[in-house]
Amino acid sequence: MSVAGLKKQFHKASQLLSEKISGAEGTKLDEDFMEMERKIDVTNKSVFDLLSKTTEYLQPNPASRAKLNMLNTVSKMRGQVSTTGYPQTEGLLGECMLRYGHELGEDSVFGCALVEMGEAMRQMADVKDALDIGVKQNFIDPLQNLQDKDLKEITHHLKKMEGRRLDFDYKKKRQGKIPDEEIRQAVEKFDESKELAERSMFNFLENDVEQARQLLALIQAAAEYHRQSREILQELSGRLQKRISTASSRPRREFNMRSIRSSMEPEDSSEHNGLSYSSSLGATGTVSPAFFPQSLSCFPLPSSLYISSFLSSHTDIQTTPTVNGKTAHITSVPLSWPESPTINGNIHPGEVLDQPCCRSLYDFEPENEGELGFKEGDVIILTNRIDDNWYEGMISGESGFFPINYVEVLVPLPQ
């Protein structure tokens, strides 16, 4: 720095100390200039705060913002074009709902509802990403450009004008000690800086409609985001209401407890407590009932012999019981059997009455999806009791629900 420059800096510092400490008055500017300077100062502060608050509005989590900025900075340093997006809260919630909805499965009403809402949250996260991009392009970037260029230039002119004012006031107070030529040059430079600062402020304030357009872009982006979010949520609400209505109208299933004791019983009932049975069928119309010695009267008949003794017709059953490896000879005796109904003319009654079943009293035509139709006299296999009004059963390979008062139970369901 030259000697003249050092002298000028000394003059500015001296005048500033005089005004701040001694209360000396400097050159006063006109009110219009002061008002424009005040508005520029407020605008500068507002732009700075708007940039910060808008970013917080779009990305409310400060930790995620800091991590995102760090990752994007690293990407730029590595020359990578793609940047990491902000983790939207809607997307995080949607991922959580989808994960647990899939775990519950499609047979769960709550699980299906979670999956549907998770997909809707994903869509809202995509809409929020679009909001971020739109606001950045049409609001944040223009404001940042305004701060970096126009406002920065005006601030530079004002700062330069203030330095020349201090230099002029210092020399004006020492008139007579300082040559008039230096005072005249100081006045000219002060007027030049004032004109440049005033013109730049005037042009900026006259064109502040651009800032209003940028605010409109922010409002339009937010309105579009809320419009799309409303459509997504309305569609989701309709689907959930329909699902709830369908689930509420479905017949309720009856709880059937399965004891551990029953699950431990052997499936093969042909052997009980060391007593085994073998049987053969003939065509003579006679049956040989099991003959048990007095010492074996405590053992129950196997279920297969018990049912066949009631349901078989004109059949000769030769039964040879074996006790601890020894065979007992049994005398055949003829038995007569009651007439049994047929099932749709296809299934032998012995195959049906071996398990819970019922006979239809009337014809039943299904009206809703999931109901089971049948004719009067059909025998239906019972699989479950839904509630006090509905059974679940199977006939001819088809299963469904039917009313209890349409049938007569032949073999009841286990309690």
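Author: Two strands pair if DSSP finds at least two bridges between them. Helices (H or I, at least four residues) and strands (E, at least two) are DSSP runs, numbered from the N terminus. This is a predicted model, in which local features need pLDDT of at least 70, side-chain atom pairs count only at pLDDT 80 or more, and totals for chains, interfaces and linings use all residues. Residues are numbered from 1 along each chain as its sequence is written, and side-chain values use heavy atoms, with hydrogens and water left out.

Reader: Over how many bridges do E7 and strand E8 pair?

Author: Strand E8 covers residues 398-403. In E8, Ser 399 is the bridge partner of Met 394. The pairing of E7 with E8 is antiparallel, and its bridges number six.

Reader: Which residue in the turn of the E7 and E8 hairpin has a positive phi?

Author: The hairpin leaves two residues between E7 and E8. The positive phi there is about 55 degrees, and it belongs to Ser 396.

Reader: Which residue stands opposite Gly 393 in E7?

Author: Strand E6 (residues 379-385) runs antiparallel to E7, and four bridges join them. E6 and E7 form a hairpin with four residues between them. Ile 381 stands opposite Met 394 in E7. Opposite Gly 393 stands Leu 382.

Reader: Which are the edge strands of the open sheet?

Author: Five strands form the open sheet, with antiparallel pairing, in the order E8-E7-E6-E5-E9. An edge strand here pairs on one side only, and the two are E8 and strand E9 (407-411).

Reader: Why is H2 oblique to H6?

Author: Axes are lines fitted to C-alpha atoms, for helices over the stretch in contact, and angles run from 0 to 180 degrees between N-to-C directions. Angles under 35 degrees count as roughly parallel, over 145 as roughly antiparallel, 65 to 115 as roughly perpendicular and the rest as oblique. Helix H2 (residues 31-58) and helix H6 (residues 180-206) pack with axes 10 Å apart, at an angle of about 60 degrees. That angle makes H2, relative to H6, oblique.
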